[in-house]
Amino acid sequence: MTTYYNKFEIETAMKVFVDDYLKDCVKCEELPEDFIDLIKYNFLAKYVSFNKEEKTIEIGIEDTNTNDSHYPVIQIFSFPIEKSNKWLDDSFKYENDDFVFYGKLLNRKKYNCRDAEVVVL
């Protein structure tokens with residue numbers, strides 16, 4: 001199956017889905033798998049978790065500036081879930097390959113399809 005999206009359609013749909021993901025986080029006290037994939041992609045994160053007590057999303061990003069260890073050094077960033085989640089909005093990328101990835105996430109949500117090809121117009 002191949003799906004066709006234009007960039008505006010993807011941007012608009014992702015804003016709606018992100019709001020849904022955030023509401024699900026608060027309601028279910030866990031992160032949906034697709035939301036984890038989105039955050040990992042946008043932040044190049046090694047891990048993502050939901051802190052139930054503080055209602056925050058914690059993101060672990062490898063610190064590539066540290067050469068002291070043979071093991072990766074992970075920096076942890078914590079972002080609160082609020083009405084305005086600018087930290088997440090600012091993380092979106094706007095290259096064609098990025099839109100293809102977001103289109104695949106849309107396919108998962110809209111059509112429950114994980115392996116469809118996405119063409120961005």
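Trainee: Among contacts in the chain between residues at least 6 apart in sequence, what share joins residues at least 24 apart?

Mentor: Keep in mind that this is a predicted model, where local features need pLDDT of at least 70, side-chain atom pairs count only at pLDDT 80 or more, and totals for chains, interfaces and linings use all residues. Residues are numbered from 1 along each chain as its sequence is written, and side-chain values use heavy atoms, with hydrogens and water left out. Contact here means heavy atoms within 4.5 Å. Of the contacts between residues at least 6 apart, the share joining residues at least 24 apart is 54%.

Trainee: And in what order do the elements run from the N terminus?

Mentor: Helices (H or I, at least four residues) and strands (E, at least two) are DSSP runs, numbered from the N terminus. The chain has 4 helices and 5 strands. Their order is β-α-α-β-β-β-α-α-β.

Trainee: Is Asn 51 buried or exposed?

Mentor: Asn 51 sits in strand 2, which covers residues 47-51. Buried means under 20% relative accessible area, exposed over 50%, partly exposed in between (1.4 Å probe, protein chains only). Because its relative accessibility is 14%, Asn 51 counts as buried.
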